[in-house]
Amino acid sequence: MPDFRRPPDASSADALDDVRAAYERVFELGAARACVGGDSAGGGLALAFAIKIRDAGATPDGRDGAWRLAPPAGCLAISPWVDLGEERIGGSRLSNERWDFLPGDMIDLLARETVEASGSDASHSPVKFDLHGLPPTLIQTGQCEVLHDQQVRLCAEINFTARCPERRAISTP
């Protein structure tokens, strides 16, 4: 399993570069197709990676050629953290804090460190991007997670932009 760089010592762009290197290595080893996945921040990173590859393929002037890779065959996001800008003012961020193992104060600290390390790069919050054209995606979430609301929002956004059954995101209770 790849170990990607993390804040506060690295930016979201650094983590995406690490995922790209691991993804390229899979193809160097002979794979014809590959999926990406992760849990928590890694789930958000997997989605950000799929978005980055999709957008690079659509760049007509060839900028950022390092990102012109075969798109992932699928994406798995287990309890993904997909909106680091979400405030802890209500919803599952507050109601589920007593059940989730990760305290809200720790989530706030990690989000702040990530945003500060990444500057204007917002790839740490993939739910805020256009989610059309993603590979088949499975999002697994639990009703007692503090991040449940943003995971359900992500599923709804992916399903809205997909418009076909093969691209549906699924949220599990």
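Predicted model: local features only at pLDDT ≥ 70, side-chain atom pairs only at ≥ 80, totals over all residues.
Where is the place of Q151? Q151 sits in helix α5.

Begin with the overall layout. The protein has five helices and three strands. Read from the N terminus, these elements follow the order α-β-α-β-α-α-β-α. The protein has 173 residues, and 39% of them are buried. Contacts can also be sorted by how far apart the partners are in sequence. Of the contacts in the protein between residues at least 6 apart in sequence, 72% join residues at least 24 apart.

The next step is a pair of helices. Two packed helices are described by the angle between their axes and the distance between the axes. Helix α1 covers residues 12–28 and helix α2 covers residues 41–57. Their axes are 10 Å apart, and the packing angle is about 75 degrees. An angle of 65 to 115 degrees counts as roughly perpendicular, and α1 and α2 are therefore roughly perpendicular to each other.

Which residues in α1 meet α2? On the α1 side they are A15, L16, V19, R20 and Y23. On the α2 side they are L45, A48, F49 and I53. Sorted by kind, the residues of this contact are eight nonpolar, no polar and one charged.

V19 shows one part of this contact in detail. V19 lies in helix α1 and is buried, with a relative accessible area of 18%. Leaving aside residues up to four places away in sequence, V19 touches L45 and F49. V19 can also be placed relative to R5, which is 14 residues apart from it along the chain. The C-alpha atoms of V19 and R5 are separated by 9.5 Å.

D18 is in helix α1. Is D18 buried or exposed? Its relative accessibility is 19%, and the limit for buried is under 20%, so D18 counts as buried. Apart from residues up to four places away in sequence, D18 touches D3, F4 and R5. A22 also has its place in helix α1, but A22 is partly exposed, with a relative accessible area of 24%. A22 and F4 are 18 residues apart in sequence, and their C-alpha atoms are 9.3 Å apart in space.

The largest nonpolar core has 26 residues. Within this core, L47, F49, L134 and L154 touch the most other members. Two or more residues each are given to this core by α1, α2, β2 (75–78) and α5 (148–162). Which element gives the largest share of this core? The answer is α2, with nine residues. Another core, of six residues, lies apart from the largest one, and L84, A111, V146 and L147 are among its members.

Q151 is buried, with a relative accessible area of 0%. Not counting residues up to four places away in sequence, Q151 touches S79, P80, T141 and E145.

S79 has a positive phi of about 45 degrees although S79 is not a glycine. S79 is found in the loop between β2 and α3 (92–95) and is partly exposed, with a relative accessible area of 22%. Another serine, S40, also has a positive phi, near 55 degrees. S40 belongs to the loop between β1 (36–39) and α2. With a relative accessible area of 28%, S40 is partly exposed.

The last topic is the cysteines. A disulfide is a covalent bond between the sulfur atoms of two cysteines. How many disulfides does a search of the whole structure find? The search finds zero. The cut-off for a disulfide is within 2.5 Å. C75 is buried, with a relative accessible area of 5%. C155 also counts as buried, at 5% relative accessibility.

How values were computed: Residues numbered from 1 in each chain as written. Heavy atoms only, no water. Axes fitted to C-alpha atoms, helices over the stretch in contact; angles between N-to-C directions. Helix = DSSP H or I, 4+ residues; strand = E, 2+ residues; numbered from the N terminus. Parallel < 35°, antiparallel > 145°, perpendicular 65-115°, else oblique. Contact = heavy atoms within 4.5 Å. Nonpolar A, V, L, I, M, F, W, Y, C, P; charged D, E, K, R; others polar. Buried < 20%, exposed > 50% of the residue type's maximum accessible area, 1.4 Å probe, protein only. Core = buried A, V, L, I, M, F, W, Y, C linked by side-chain atoms within 4.5 Å.
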